[in-house]
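Work through the exercises below with the sequence and coordinates open. Try each task before reading its solution.

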Amino acid sequence: MSVLKFTPICVVRVWGGRSLAKVFGRDLPEGKRIGETWEIVDRPESQSIVAEGPWKDRTLRELIESNSDWLLGPSWPSAKPFPILVKWLDCSERLSLQVHPPSVIAHELGGEPKTENWYVAEATSGAGLIAGLKSGVTKESFEKALKAGCLEDLCYRFPSLAGDSLLVESGRIHAIDGGNLILEVQQNSDTTYRVYDWERVGLDGEPRELHVEESLRCINFADFEPEPFHSDPEAAEQVIAECDHFRICKFEIADGQKKKLSSAGGDVALVHILSGSLHGEGCFLKAGDTGLVPFSEDFFGQASEKTTFLVTDRFIR
């Protein structure tokens, strides 16, 4: 089997909604605000489970421990976690203003570094993204605005458009407006420091925990007004994000077209279907799905209709 599919894990968030059922036909828990589905995860507190095929019901961790060479290549230690975490984010309300710690500071604070990338699959009119600071903002002016409850005035906000991609590196302050459906590809980390939460209460009716001191240590106060990458809807192939931790390419292929996406012994790849569908030997990926192509497998995907998808690779070092 050339591609592994996993059962998505639904995560309730105060800012979540029901768009994943509407857009992808997901079967969501009744009456719950689902803010995230974890598509690929290998963490002690959460494990992806194979959805079908000969490895059905095995966890990702079990596969790495028993078949590390086949799955991730001969240089990958079987005890080492899978390096990428993939999520769909359904943002019906604005997320908190937050930051992820850079590597050195993360270790000092007992957390994990996290660089992530957002791909905007859908955005309502007026939706935006917040990333970085407005030009000229200093740590002193930021702390003053924090005390006054007017941080939004100092953060850089820009319109969110379907097809946009934004790399959110560790240290970049950020938030996502309501009205966004986003595919997030990130380092395998679950450390987030909230600096401000718009005076909101959590699902328990109490104010959510803030991490002001940690945030102030982590924010890059020289990070001004970053711009998203606007992908070209007519391009057959383009790189939309690249960093030390992964690369993401976007593909558009026509009905019936076949594309080689991974070569055995070359790399490990994650295939994310945005619209349409791909089928290959022993597998079928539809809109919303993420498939894992093992190191030792070739994968030729053929479109059953016009199909848009992303491929994440270069995360095995």
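## Exercise 1: Salt bridges

The structure holds 26 salt bridges, a salt bridge being a side-chain nitrogen of Lys or Arg within 4 Å of a carboxyl oxygen of Asp or Glu. This is a predicted model: local features need pLDDT of at least 70, side-chain atom pairs count only at pLDDT 80 or more, and totals for chains, interfaces and linings use all residues. Residues are numbered from 1 along each chain as its sequence is written, and side-chain values use heavy atoms, with hydrogens and water left out.

**Task.** Describe the salt bridge between glutamate 36 and arginine 13, then state how accessible each partner is.

**Solution.** 
- Step 1. The two side chains meet at 3.4 Å, N to O.
- Step 2. Locate the partners. Glutamate 36 is in strand S3 (residues 34-40) and arginine 13 is in strand S2 (residues 9-17). They are 23 residues apart, and the pair links distant parts of the chain. Helices (H or I, at least four residues) and strands (E, at least two) are DSSP runs, numbered from the N terminus.
- Step 3. Classify by relative accessible area: buried is under 20%, exposed is over 50%, partly exposed is in between (1.4 Å probe, protein chains only). Glutamate 36 has 6%, so it is buried. Arginine 13 has 25%, so it is partly exposed.

**Solution.** 
- Step 1. Glutamate 237 belongs to strand S16 (residues 237-242), lysine 259 to strand S18 (residues 258-262). This pair also links distant parts of the chain, 22 residues apart.
- Step 2. Glutamate 237 counts as partly exposed at 48%. Lysine 259 is partly exposed at 24%.

**Task.** Which accessibility class does each partner of the salt bridge between aspartate 289 and lysine 286 fall into?

**Solution.** 
- Step 1. Their side chains meet at 3.5 Å, N to O.
- Step 2. Aspartate 289 has 10% relative accessibility, so it counts as buried. Lysine 286 has 39%, so it counts as partly exposed.
- Step 3. Look for shared partners elsewhere. Salt bridges join Arg33, Glu93, Asp197, Arg200 and Arg208 into one network.

## Exercise 2: A strand and its sheet

**Task.** Find where S11 sits in its sheet and explain why S11 is largely enclosed.

**Solution.** 
- Step 1. Read the order of the open sheet of seven strands: S2-S3-S6-S13-S8-S11-S15, with antiparallel pairing. Two strands pair if DSSP finds at least two bridges between them. S2 and S15 are the edge strands, each pairing on one side only.
- Step 2. Take the neighbours of S11. Strand S8 (residues 116-123) pairs with S11 over four antiparallel bridges. Asparagine 117 has leucine 167 as its bridge partner in S11. With strand S15 (residues 229-230), S11 has two antiparallel bridges. There, aspartate 164 partners histidine 230.
- Step 3. S8 and S13 pair antiparallel over seven bridges. Tyrosine 119 stands opposite leucine 183 in S13.
- Step 4. Check the faces. In a regular strand the side chains alternate between the two faces of the sheet. Asp164, Leu166 and Val168 are buried on one side of S11, Ser165 and Leu167 on the other.
- Step 5. Conclude. Five of the five residues of S11 (residues 164-168) are buried, so the rest of the structure largely encloses the strand.
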